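Try each task before reading its solution.

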Amino acid sequence: MPETESFLPGRPRTPRRVSVVRSDNLGDVILFSGVLEHLRTLYPQARITLYVKDGVRDLVAACPHVDDVASWEGLLWPLRSRLEPFPGRDRLDNWWGRIRARLRPRPDLILVPLRSPSTVTHAGVAHLRGRWVVGTRGDHSNQTLREERQWAGVYSERCPMDGSPATTELEANRRFLAFLGGGHGGVEIRPTVWLHDEDHEWARTALVRAEGTRLLALAPGVTSLPGKFYGGEKLREAIQGVEGVRFSVHLLGSPAERAMNTQVAQAVAQAGNVVHLQDHTGATTLRELAAALTHVDVLLSQETGALHLATALGTPTVGLLGGGHHGRFYPWGDPERNRVADHPMDCYHCNWVCRYDTIRCIQEIPPSRISRELTRALAAEPTSPSR
């Protein structure tokens, strides 16, 4: 088990500038979001800068617990010549970026609460030039042991982690917070989504509900492994199998998921209990998408950022859950409202290195199972959302 407190000599107790690095994807940042309030309590006088990917910045822009939200890709720009080849025209920008990096005030404290950082993350953290850097060690999902040792000199101290599938991401966040001295195992890490009134106004206007229907949000797209895409015909069968319920369906997703969502829209529109269908793929900001999820009756989704958003917001959900990291990132939330449709197999926890020609743990989920979970999620008692 990891230490509950560190406070090694040299770590600033009252840092003036704190940088927090979350260089991962939307779902990971949502699971981490509840830590930010605790970090503000730990460092009440500090100016806290949160580094996230450009695609996530819109979602965390309204967070009251940080002072600045900065671009992770912007930080990496001066490192491009080291990380990938690029034409000579960009060398002047690269040179100027390095000068700006030298002019940037050095953080007194850099926090890297990623359970398994990658080589690119290590390089970016080194580029920030923090006076004291707290990272992690022990999980090799995104790095080899050799890479972890190679970059060890970047860090002043590291919180022990492990690669066990029994250790959830929420638990890993708790461990890191305890390592900083911000509470022990019992501290509650509640993922949070911060929205503006105009986001809810957009949702009220955009989400049409036909008379006598339930609002079903559908987020079927995937941007990781194409083989995880479940397919429109099976989703149509699953929705049609919910007896006694008529639906207004709203498809949500990023521009990269447009082709998949179009295929799903064409199939689902043929379900006998779908009265109205709108496709919002690529047409919303992240906060508008999140606001939409507070106005629907249920979300049916792959294990994506949309599923984590809806769970954080208290919306009933049904997640199509595969075995690659089963239990690490999902499920969480209220088990009565946040349901799972899966297909257990003895090869679970494969880190998505599948030994079959198709990703059977997703493709063989019976549509009838999804129908049953949709029925249960729709029957769940209301709860207070996290906004």
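**Exercise 1.** Find the bridge partner of Leu300 in E11.

*Solution.* In strand E11 (residues 317-321), Leu300 is partnered by Val318. Strands here are DSSP runs of at least two residues, helices (H or I) runs of at least four, both numbered from the N terminus. E10 and E11 pair in the parallel sense over 4 bridges; pairing needs at least two DSSP bridges. The chain goes from E10 through H14 to E11 in a right-handed β-α-β crossover. Right-handed means that, with the strands pointing away from the viewer, the path from the first strand over the helix to the second runs clockwise.

The model is predicted: local features need pLDDT of at least 70, side-chain atom pairs count only at pLDDT 80 or more, and totals for chains, interfaces and linings use all residues. Residues are numbered from 1 along each chain as its sequence is written, and side-chain values use heavy atoms, without hydrogens and water.

**Exercise 2.** Which strand does E7 join, and in what sense?

*Solution.* Strand E7 (residues 214-219) runs parallel to E10, with 4 bridges between them. Ala219 has Ser301 of E10 as its bridge partner.

**Exercise 3.** Decide how many residues of E10 are buried.

*Solution.* Buried means under 20% relative accessible area, exposed over 50%, partly exposed in between (1.4 Å probe, protein chains only). In E10 (residues 298-302), 5 of the 5 residues are buried, so the strand is largely enclosed by the rest of the structure. One side holds Val298, Leu300 and Gln302; the other holds Leu299 and Ser301.

**Exercise 4.** Examine helix H14 and what follows.

*Solution.* In H14 (residues 305-312), 8 of its 8 residues are buried. Just after H14, Gly314 has a positive phi of about 85°.
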